[in-house]
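Keep the sequence and the 3D view open, and try each task before you read its solution.

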Amino acid sequence: MPDTPGLFISFEGIDGAGKSTHIEAIQRALEATGREVLCTREPGGTPLAEHIREMVLHTTMDPLSEVLLVFAARRDHLLHCIAPALRRGAVVLCDRFSDASFAYQSAGRGCPWEVLQTLEAWVMGAAGAPADAGGHPHPMPHTTLWFDLPPSVAAQRLALARVPDRFESQPQAFFEQVAQGYARRCVEDPRRFVRINADQPAEVVRRDVLQAMALRGYLPA
Ligand code: TYD
């Protein structure tokens, strides 16, 4: 698989883990080094994928329909947003990616892990659906920052937050399963994952995040 001139970083964690706040700090720090930074999100990031996001977050459906929709959104997002940005050398900061499907649709909602592995291989182009005319598959994120927070703490945070969507209104037991899904993905691909302890004051988490970025060589030490 050819590497790209760009850098692909995804951000994961259960709802309430606080990842969105820290993406902004990373964006500013990377832009200060002179790099182009593209912030995007999943499901979403293209007009088609944003339509799918609305459906997935606000319509009741069975887990397999849900998983097919999130991977359809991902394919469009990869082809029309992420891959072109990586080819021109940008840093792509993606608020959730494939790991979220394993955590929410498989660990959380019970869709078989193997079904998702098959879909992931298809969508990433490793199974005969290439990303470009050269027949190359997409790269997985170079790094995934996983904001790990006990579901009980996340539940307290969410109770104070805005009107919940379909996932945010799930009971704590659901998020216990989702958290286990993230832990499994981390074990399966430990070099890609950086675990951030999100159960700390925001400024401490922010320091840890920037330190992790520097350790990976993405920001000056
Ligand atoms: P989130 O990333 O928390 O965005 P916001 O901060 O705007 O609410 O919300 C996206 C929701 O979508 C989140 O609850 C997890 C869910 N999701 C899945 O269930 N599967 C997926 O593959 C992705 C990318 C997200």
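**Exercise 1. Find which ring Arg74 lies over, and find the ring under the charged end of Arg184.**

Solution. Remember as you look that this is a predicted model.
Step 1: Start at Arg74, which lies over the face of Phe71, at 4.7 Å from the ring centre.
Step 2: Move to Arg184, whose charged end sits over the ring of Trp113, 3.9 Å from its centre.

**Exercise 2. Work out where Glu120 lies, whether it is buried or exposed, and what its side chain meets.**

Solution. 
Step 1: Locate Glu120 in helix α5, which covers residues 113-123.
Step 2: Check its accessibility: the relative accessible area of Glu120 is 13%. Buried means under 20%, so Glu120 is buried.
Step 3: Look for a polar partner. The side chains of Glu120 and Ser98 are joined by a polar contact of 2.7 Å.
Step 4: List the neighbours. Leaving out residues up to four places away in sequence, Glu120 touches Phe71, Ser98, Phe102, Met140 and Arg185.

**Exercise 3. Decide how enclosed helix α4 (residues 98-108) is, and name some of what covers it.**

Solution. 
Step 1: Count the buried residues. Ten of the eleven residues in α4 are buried, so the helix is largely enclosed by the rest of the structure.
Step 2: Pick out examples: among the buried residues are Ser98, Phe102 and Tyr104.
Step 3: Ask what does the covering. It includes the strands β1 (7-12), β4 (143-148) and β5 (193-197), along with the helices α3 (63-87), α5 and α7 (172-188).
Step 4: Follow the chain just past α4, where Gly110 takes a positive phi of about 90 degrees.

**Exercise 4. Trace the aromatic cluster that includes Tyr104.**

Solution. 
Step 1: Begin with the whole structure, in which a search finds eight aromatic pairs.
Step 2: Take Tyr104 and Phe167. Their ring centres are 5.5 Å apart and their planes stand at 85 degrees, so this pair is edge-to-face.
Step 3: Tyr104 is in helix α4 and Phe167 is in the loop between α6 (151-159) and α7, so the pair links parts of the chain 63 residues apart.
Step 4: Continue from Phe167 to Phe174. These ring centres are 6.5 Å apart with planes at 25 degrees, so the pair is stacked.
Step 5: Check burial. Tyr104 is buried at 5% relative accessible area, Phe167 is buried at 8% and Phe174 is buried at 7%.

Technical notes
Residues are numbered from 1 along each chain as its sequence is written. This is a predicted model: local features need pLDDT of at least 70, side-chain atom pairs count only at pLDDT 80 or more; totals for chains, interfaces and linings use all residues. Side-chain values use heavy atoms; hydrogens and water are left out. Helices (H or I, at least four residues) and strands (E, at least two) are DSSP runs, numbered from the N terminus. Buried means under 20% relative accessible area, exposed over 50%, partly exposed in between (1.4 Å probe, protein chains only). A polar contact is a pair of N or O atoms within 3.5 Å; within protein, one must be able to donate a hydrogen and the other to accept it, and residues adjacent in sequence count only if both atoms are side-chain atoms. Contact means heavy atoms within 4.5 Å. Rings of Phe, Tyr and Trp (its six-membered ring) pair if their centres lie within 6.5 Å; planes under 30 degrees apart count as stacked, over 60 as edge-to-face and the rest as tilted. A charge sits over a ring if NZ of Lys or CZ of Arg is within 6 Å of the ring centre and within 35 degrees of the ring normal.
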